[in-house]
Amino acid sequence: MSHESKVLAGRAAVVTGGSRGIGRAVVLRLAAEGASVVFSFREDEAGADRVVEEVRASGGVAWAVRADQADLAAVEGLFTEADRRFGAAGLPGLDVLVVNAGASLSRTIAETSEADYDRLMAVNAKGVFFTIQHALPRLRDGGRIVAVSSMSAVYATRGEAVYAASKAAVDQFVRVAAKEVGARGVTVNSVAPGPTDTDMLRGAVPDEVLGGVAQMTPLGRVGLPEDVAGVVAFLAGPDSGWITGQTIHANGGLV
């Protein structure tokens, strides 16, 4: 796909959880569209460095910052570093926030511990909420917020009670935030992927199960990180200005 138009040229973007999977694909796509990207990672420093190298090798601009989305001090530090990087690059402020970092865990309700519950909610709900809060005063008028949710928020699956609830919270944050910032021309949306071919999914789901899921979609395959990144890039770009407060299901028609 050609990105010669560079529709995000001159824009500054922050992406959480950008070292692998969907987050990596989002960083690469936004940078290919011309954005300067600061992205966070929690543990995989080598992976984050590789993403920075990939972006720079293709002529883009990206910086990696270690930050755990569940740690509010680290979230504040992420934005402080983004302010510094964008200021040094002569960028006037934040234009795009993509809240992608998340945690997953398959446990039945009977098996779920308090620690399991607290960790998932801390990353997927509380962390998302306060990441958006930190971004709001920095976002320029006409900016974009995109949160990565999950089709699990509306598609009940055994073992995903807490995960599904945390992602449903993300969708509600988006709807409320859209109403609170709409007067500034800022749009707020979420993207809800279905099963997507990432290391996390392959580590949790046997190949034969993935094959069955692929056959359930009209397109006959599971999603790729680049499929989701394309939807995120659209919502981050200039053509999505009349879409806000929505959850876009990027799942290949899996219903």
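Modeller: A salt bridge is a side-chain nitrogen of Lys or Arg within 4 Å of a carboxyl oxygen of Asp or Glu. Lys and Arg count as positive and Asp and Glu as negative, while His and the chain ends are not counted. This is a predicted model: local features need pLDDT of at least 70, side-chain atom pairs count only at pLDDT 80 or more, and totals for chains, interfaces and linings use all residues. Residues are numbered from 1 along each chain as its sequence is written, and side-chain values use heavy atoms, with hydrogens and water left out.

Colleague: Which side chain of opposite charge is nearest to Lys 167?

Modeller: That is Asp 171, 8.4 Å away. Lys 167 has no salt bridge, yet is buried (under 20% relative accessible area, with exposed over 50% and partly exposed in between; 1.4 Å probe, protein chains only).

Colleague: What does Lys 167 touch, not counting residues up to four places away in sequence?

Modeller: Lys 167 touches Asn 124, Val 148, Ser 149, Ser 150 and Ala 153, where contact means heavy atoms within 4.5 Å.

Colleague: Now the rings: how many aromatic pairs are there?

Modeller: There are 3. Rings of Phe, Tyr and Trp (its six-membered ring) pair if their centres lie within 6.5 Å; planes under 30 degrees apart count as stacked, over 60 as edge-to-face and the rest as tilted. Trp 63 and Phe 86 are edge-to-face, 6.2 Å centre to centre with 70° between the planes.

Colleague: Are those two buried or exposed?

Modeller: Both Trp 63 and Phe 86 are buried.

Colleague: Which residues form a cluster?

Modeller: Ring pairs link Phe 129, Phe 130 and Phe 173.
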